[in-house]
Amino acid sequence: MSQKDPCQKQACEIQKCLQANKYIESRCQDVIREMRRCCSALVGKESVCCSGFAREQKTEEERKS
């Protein structure tokens, strides 16, 4: 049996918020911030839900270098 992704709840909240707000991302910044927090806590661990956020974080780090 597979384990539930630790950030799945936050990922679902983002989807609900986006759907409720006609996919206007700026209206969902609070839930997106919560997702980033969750994913930051999982650095080095597998999370399908955080895969896009991990790529985003790497890109930001590369820009700083």
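1. Which side chain does Lys16 meet in a salt bridge? The partner is Glu13, at 3.1 Å from N to O. The term covers a side-chain nitrogen of Lys or Arg within 4 Å of a carboxyl oxygen of Asp or Glu.

2. A word on the basis. This is a predicted model, in which local features need pLDDT of at least 70, side-chain atom pairs count only at pLDDT 80 or more, and totals for chains, interfaces and linings use all residues. Residues are numbered from 1 along each chain as its sequence is written, and side-chain values use heavy atoms, with hydrogens and water left out.

3. Back to Lys16 and Glu13. Both sit in helix α1, 3 residues apart, about one turn of the helix. Helices here are DSSP runs (H or I, at least four residues), numbered from the N terminus. Lys16 is partly exposed at 49% relative accessibility. Glu13 is also partly exposed, at 31%. The cut-offs are under 20% relative accessible area for buried, over 50% for exposed, and partly exposed in between (1.4 Å probe, protein chains only).

4. The structure holds 3 salt bridges. One joins the side chains of Asp30 and Arg33, at 2.9 Å from N to O. These two residues are 3 apart in helix α2, so about one helical turn separates them. Asp30 counts as exposed, with 56% relative accessibility. Arg33 is partly exposed, at 41%.

5. Glu34 and Arg37 also form a salt bridge. Their closest N and O atoms are 2.2 Å apart. Again the spacing is 3 residues in helix α2, so the pair is about one helical turn apart. Glu34 has a relative accessible area of 38% and is partly exposed. Arg37 is partly exposed as well, at 48%.

6. The largest nonpolar core has 13 residues. Such a core is a set of buried Ala, Val, Leu, Ile, Met, Phe, Trp, Tyr and Cys residues joined through side-chain atoms within 4.5 Å. Cys7, Ile14, Met35, Cys39, Cys50 and Phe53 have the most contacts inside it. Two elements give two or more residues each: α1 (8-20) and α2 (29-41). In soluble globular proteins, nonpolar side chains tend to be buried together.

7. Which residues does Cys50 touch, leaving aside those up to four places away in sequence? They are Cys7, Met35, Cys39 and Leu42. Contact here means heavy atoms within 4.5 Å. Of these partners, Cys7, Met35 and Cys39 are also listed among the core residues with the most contacts.
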